[in-house]
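Dear colleague,

Please find the structure below, together with its sequence. My notes on it follow.

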Amino acid sequence: MPAQTQDHWTSAKYQSAASFVPKLTTTVLSYLDIQPTDRILDIGCGDGQLTSQIAQATPQGQVLGLDASHSFITTANQNNSSTNCSYHLQDCTVLSASSDAVGEGSWDKVFSNAALHWILRPSATRENVFHEIHRALKPGGSFVFEMGGKGNVAEIQAAFTAALVHAGLSIQEAREACPWFFPSVDWMRETLEGVGFEVVKCESEYRPTKLNPEREDGSGGIEGWLRLMGARFLEAVDEGKKEGGLKEVGDVLESVITREEDGSRWIGYVRLRAVARKK
């Protein structure tokens with residue numbers, strides 16, 4: 001994840017709100033094509049569960065996970081580190097700030113899952129992220145990732161934007177509060193090629209995803225997802241309006257995401273995947 005003014009992330013919150021995310025990685029991991037000797041850099045590694053899984057497939061290699069969340073990195077180092085897998089606290093919008101850890105031309109592959117839509121949110125550092133990933137790779141190395149694509153959780157983004165306007169923000173302020181950047185396939189292909197990558201694959205998949213069950217403490221279901229993933233939206237409104245805004249978003253989404261046949265709740269994930277090679 002990128003650096004934020006407040007670290008909302010914990011492994012426990014993420015597991016209750018979105019434990020399905022690291023489980024839906026069959027396709028992107030097949031694109032990564034892990035080899036036993038690979039050196040792999042994982043950008044936005046979270047609590048390290050998927051990073052550790054990758055490291056198990058590279059017994060003669062090395063895996064380094066980077067994330068801006070102190071909580072996530074602490075958990076990763078405690079639970080998922082090994083002789084060939086380590087984790088480093090890093091604002092992934094400025095990888096060059098940790099050149100000692102990342103290095104130039106050091107990695108066979110750079111990987112990222114469900115993190116780049118956070119990391120690429122600041123437009124000022126967006127292009128530089130790709131330049132620095134390109135710099136970190138060996139010649140012929142691959143950048144393999146999955147992230148939110150254009151239209152991802154569109155119903156949630158629209159509901160949050162409207163709720164913030166109702167809470168007194170201008171439409172522009174409400175849009176700026178959005179914590180995500182969801183690019184199109186065309187945007188991603190052009191950007192990767194613009195920094196010197198050869199794009200091997202770039203695709204989008206509409207993948208409606210079932211939410212975790214609701215919990216009594218509000219950590220699961222749609223409320224848990226909104227509180228964690230939409231925390232930056234809520235930061236934009238006065239403290240006394242946060243709960244009202246959250247309730248409005250949940251009420252608006254209720255009939256949109258609920259399936260009549262069984263009451264299960266699904267949100268409209270759109271995944272953007274790519275494989276790009278350093279020439």
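**The buried charge network**

At 3% relative accessibility, arginine 271 counts as buried (under 20% relative accessible area; exposed is over 50% and partly exposed in between, with a 1.4 Å probe and protein chains only). Please note that this is a predicted model, in which local features need pLDDT of at least 70 and side-chain atom pairs count only at pLDDT 80 or more, while totals for chains, interfaces and linings use all residues. Residues are numbered from 1 along each chain as its sequence is written, and side-chain values use heavy atoms, with hydrogens and water left out.

Arginine 271 forms a salt bridge with glutamate 146, the closest N and O atoms being 3.6 Å apart (a salt bridge is a side-chain nitrogen of Lys or Arg within 4 Å of a carboxyl oxygen of Asp or Glu). This pair links distant parts of the chain, with glutamate 146 in strand β5 and arginine 271 in strand β7 (residues 266-278), 125 residues apart. Helices (H or I, at least four residues) and strands (E, at least two) are DSSP runs, numbered from the N terminus.

Glutamate 146 also forms a salt bridge with arginine 207, at 3.3 Å between the closest N and O atoms. Here too distant parts of the chain are linked, since arginine 207 lies in strand β6 (residues 197-210), 61 residues from glutamate 146. Glutamate 146 is buried at a relative accessible area of 2%, and arginine 207 is buried at 17%.

A further salt bridge, at 2.9 Å from N to O, joins glutamate 223 and arginine 227. Both residues lie in helix α12 (residues 221-229), four residues apart, about one turn of the helix. Glutamate 223 is partly exposed at 34%, and arginine 227 is partly exposed at 33%. Salt bridges that share partners join Glu146, Glu203, Glu205, Arg207, Arg271 and Arg273 into one network. The count comes to 14 salt bridges.

**A buried aspartate without a salt bridge**

Aspartate 67 is in strand β2 (residues 62-67). Aspartate 67 is buried yet has no salt bridge, and the nearest side chain of opposite charge, arginine 271, is 13 Å away (Lys and Arg count as positive and Asp and Glu as negative; His and the chain ends are not counted). A polar atom of the aspartate 67 side chain lies 3.4 Å from the backbone nitrogen of cysteine 45.

**Helix packing**

Helix α9 (residues 154-166) packs with helix α14 (residues 242-257) at an angle of about 145°, their axes 9 Å apart. Axes are lines fitted to C-alpha atoms, for helices over the stretch in contact, and angles run from 0 to 180 degrees between N-to-C directions. Among the residues making the contact are Phe160 and Ala163 of α9 and Val249 and Leu253 of α14 (contact means heavy atoms within 4.5 Å).

Leucine 164 is also found in helix α9 and is buried, with a relative accessible area of 3%. Leaving out residues up to four places away in sequence, leucine 164 touches Leu169, Ala174, Ala177, Phe233, Ala236 and Val237.

**Backbone and overall composition**

Valine 153, in the loop between β5 (137-148) and α9, has a positive phi near 35° although it is not glycine. Valine 153 is buried at 1%.

The protein has 14 helices and seven strands. Buried residues make up 54% of its 279 residues.

With kind regards

Definitions and conventions: A polar contact is a pair of N or O atoms within 3.5 Å; within protein, one must be able to donate a hydrogen and the other to accept it, and residues adjacent in sequence count only if both atoms are side-chain atoms.
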